[in-house]
Amino acid sequence: KNMGLKSEIHRWEYQGFKSSNIEATIEGNDPSNDAIIIMSAHYDTTKGSLGANDDGSGVAAILAIAKVLSKCSLNHTIRFIAFSGEEVGLYGSFCYARDAYRRGDNIYAVLNIDIIGWAETEYGGNILRFSYADRSKWIAEFASDVSKKYCNLINMEIEDIPNYRGADHQAFIDYGYDGVWIVEHDGSKYCNTPYDNLTYINAT
């Protein structure tokens, strides 16, 4: 709301759990196109963990991206969603994808950012992995083209991993949408432990 975005709560209940997803929207300005792009992360964590990387890093990323894009005029609608219930079975994203499908939402792409805050090496710190189902490969290829074009500015590479299961984009894939899971290269050993705190975040 402080960024001037339309913000709302998406409440869900599933398998004995209930919670809320948090959504902010930048409306597209092309009236002839109803395509929606989702950028997401999850704000829940496991018992005993502070969740700085899993997935505070992803939430920080979508907030930063939303702040930048809130000042732009865009053709397509972008929804920034912080899901809950990820750690108990991807429930928040499942309920959202199910409801979006029932509404007939034209979701063009889902970019789910989950665990991007750790790097053990300089090499690993310059790579993001895009994990996807086969039909969503185009998103990883597009991101790779962008990273190459702006390499001198961002110094980031895209590594594509054709294995999509295990994160909040999964339900969207199951409902027929395209989506990717964006994750760090090196893989932190501190996720879901009491050590998932800012001490073990590689801020660079």
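Are W12 and Y91 buried or exposed?

Tutor: Both W12 and Y91 are buried (buried means under 20% relative accessible area, exposed over 50%, and partly exposed in between, with a 1.4 Å probe and protein chains only). The model is predicted, so local features require pLDDT of at least 70 and side-chain atom pairs pLDDT 80 or more, whereas totals for chains, interfaces and linings use all residues. Numbering runs from 1 along each chain as its sequence is written, and side-chain values rest on heavy atoms, without hydrogens or water.

The ring centres of W12 and Y91 are 6.4 Å apart and the planes meet at 80°, so this pair is edge-to-face. (Rings of Phe, Tyr and Trp, the last by its six-membered ring, pair if their centres lie within 6.5 Å; planes under 30 degrees apart are stacked, over 60 edge-to-face, and the rest tilted.) The pair links distant parts of the chain, for W12 belongs to strand β1 (residues 6-14) and Y91 to helix α2 (residues 91-103), 79 residues apart. (Helices are DSSP runs of H or I with at least four residues, and strands are runs of E with at least two, numbered from the N terminus.) W12 and Y91 are also members of one aromatic cluster, together with Y14, F17, F94, Y101 and Y175. The structure holds 15 aromatic pairs. Another ring, that of Y96, has the charged end of R103 over it, 5.8 Å from the ring centre (the criterion is NZ of Lys or CZ of Arg within 6 Å of the centre and within 35 degrees of the ring normal).

In the largest core, of 25 residues, M39, I78, F80, L111, F130 and V180 touch the most other members. At least two residues of this core come from each of β2 (17-26), β3 (36-42), α1 (52-69), β4 (77-83), β5 (107-113), β6 (127-132), α3 (137-149) and β8 (179-184). Helix α1 gives the most, with five residues. Apart from this core lies another, of 12 residues, which includes Y96, I81, A97 and V110.

Beyond neighbours within four places in sequence, V180 is in contact with V110, L111, N112, F130, S131, Y132, S136, I139 and H169 (contact means heavy atoms within 4.5 Å). I139 is also one of the buried residues of α3, the others being A140, A143, S144 and S147.

Q15, in the loop between β1 and β2, has a phi near 50°, a positive value in a residue other than glycine. Q15 is exposed, at a relative accessible area of 54%. In helix α1, where D55 lies, the peptide bond from D54 to D55 is cis, with omega near 5°. Most residues other than glycine have a negative phi, and most peptide bonds are trans.

Definitions and conventions: Core = buried A, V, L, I, M, F, W, Y, C linked by side-chain atoms within 4.5 Å.
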